[in-house]
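Colleague: Could you walk me through how to read a few features here?

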Amino acid sequence: MKNFVDLFDDSDWVVAKDYPAGTMMKILRDADCGKTILLKCARGFKMEAHSHVVTEQHFVLKGSYMSDNKTYSAGSYQIYNPHEEHGPFESQEGALILVIWDSVKRA
């Protein structure tokens, strides 16, 4: 049986050290096939634009965030291609976001 994780409980949260202060994450998958986290952005969250070497997907589960002068609220989905700059991001009320990164393709 696969491991069960309750996305909404208070356990297994850690400080998201590569994110602004107050941001927490719950690691759901960290393997060769990619990484999946639940990201809890605190009120007043602000993050500069950036890019990745792999595809990144966002599923907003609670709250909302703004990016490129658009608001993405609960139920929103976005996908960013490798090397595509995205952001900046900010959230006045905070947000809970499921973030999925593809694996790095090896030659």
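Colleague: Which residue in β7 does E56 stand opposite?

Modeller: E56 faces Y80 in that strand. Ground rules first: this is a predicted model, where local features need pLDDT of at least 70, side-chain atom pairs count only at pLDDT 80 or more, and totals for chains, interfaces and linings use all residues. Residues are numbered from 1 along each chain as its sequence is written, and side-chain values use heavy atoms, with hydrogens and water left out.

Colleague: How many bridges join β5 to β7?

Modeller: Strands (DSSP E runs of at least two residues, numbered from the N terminus) pair if DSSP finds at least two bridges between them. β5 and β7 run antiparallel, joined by four bridges.

Colleague: Which residues of β7 are on the covered face, and which on the uncovered one?

Modeller: In a regular strand, side chains alternate between the two faces of the sheet. In β7 (residues 77-80), Q78 and Y80 are on the covered face, while Y77 and I79 are on the uncovered one.

Colleague: Is H58 buried or exposed?

Modeller: Buried means under 20% relative accessible area, exposed over 50%, partly exposed in between (1.4 Å probe, protein chains only). H58 comes out at 6%, so it's buried. H58 sits in strand β5 (residues 56-67).

Colleague: What does H58 contact, leaving aside its neighbours within four places in sequence?

Modeller: Contact means heavy atoms within 4.5 Å. For H58 the list includes Y65, Q78, Y80 and F89.
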